[in-house]
Amino acid sequence: PPYPIRLRGKVCKGFGRGGKDLGCPTANLPDDNAGVQAMRGKVDTGVFYGFARVIPPTQLDPDDSDLNSSSNLDPNSSLSPLSPTSYLVYPMVMSLGLNPFYKNSDLTAEIHILHQFDNDFYNFDIKVLVLGYIRPELDYVSREALVQDIDIDKIVARRCLEREAYTAFSRDRFFWE
Ligand code: ADP
Ligand code: MG
């Protein structure tokens, strides 16, 4: 069985369309993420559920100009871009689709974490544990229909993840190593 699938990568900028104004921001993994591309052939495209954790930046990385502008990167500091609870493991829904801008075999992954964050976390690392499949991708005739389905996905994800066999995965060592 393909699950659990472990993904790790840097949260990158998407096209900013839809996400936040639909009440559903999705953290994008880079298109060349090895874990995401390795899902090809193992699972269908569509919507998945699982757990995710945003990783606090611990050291200055010369590529992270956004992060470096913050003078104190200690997650427990009031100057940190995210509050300490933001670094816990939370339920998530992930959409896995075909990238329309590259060879059509390229996959894109977008993760919506079921937690209210106090700030964006672009360029932060994220760890994702994919545990199951909810539904295939659908074409939506209206924005309302899409929003409705996303709301159902969130409910399905929460329900599934409440089962003991799944809650155990929220304590997976993967999130903390
Ligand atoms: P983009 O097209 O750049 O991905 P989005 O509207 O999808 O724009 O917003 C995604 C960004 O929102 C993430 O990269 C992250 O920094 C931020 N964000 C805030 N809250 C969440 C959340 N609950 N789940 C995912 N991303 C979130
Ligand atoms: Mg997005």
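**Reading the ligand shell and the sheet**

Mentor: By class, the shell around ligand 1 holds eight nonpolar, seven polar and three charged residues. Here Ala, Val, Leu, Ile, Met, Phe, Trp, Tyr, Cys and Pro count as nonpolar, Asp, Glu, Lys and Arg as charged, and the others, Gly among them, as polar. This is a predicted model, in which local features need pLDDT of at least 70 and side-chain atom pairs count only at pLDDT 80 or more, while totals for chains, interfaces and linings use all residues. Residues are numbered from 1 along each chain as its sequence is written, and chains are lettered from A and ligands numbered from 1 in the order in which they are written.

Trainee: Which residues come nearest to ligand 1?

Mentor: A residue is near a molecule if its C-beta atom, placed from the backbone, lies within 6 Å of it. Of the 18 residues around ligand 1, the nearest are Gly14, Gly19, Pro25, Ile113 and Asp120. Strand E2 (27-28) and strand E5 (107-113) are the elements that give two or more residues to this shell.

Trainee: How are elements defined, and how many helices and strands are there in the protein?

Mentor: Helices (H or I, at least four residues) and strands (E, at least two) are DSSP runs, numbered from the N terminus. The protein has four helices and six strands, and from the N terminus on they run β-β-α-β-α-β-β-β-α-α.

Trainee: In what order do the strands form the sheet?

Mentor: Two strands pair if DSSP finds at least two bridges between them. The six strands form an open, antiparallel sheet in the order E1-E6-E3-E4-E5-E2. Strand E1 (5-10) and E2 are the edge strands, each pairing on one side only. Strand E3 (residues 46-55) is joined to strand E6 (residues 125-135) by nine bridges; Tyr49, for example, has Gly132 in E6 as its bridge partner.

Trainee: Which residues have the most contacts inside the largest nonpolar core?

Mentor: A nonpolar core is a set of buried Ala, Val, Leu, Ile, Met, Phe, Trp, Tyr and Cys residues joined through C-beta atoms within 7 Å. A residue is buried if 20 or more other C-beta atoms lie within 10 Å of its own, exposed if 12 or fewer, and partly exposed in between, with C-beta atoms placed from the backbone. The largest core has 30 residues, and Met92, Met94, Ile111, Ile126, Val128 and Val130 have the most contacts inside it. Its largest share, six residues, comes from E3.
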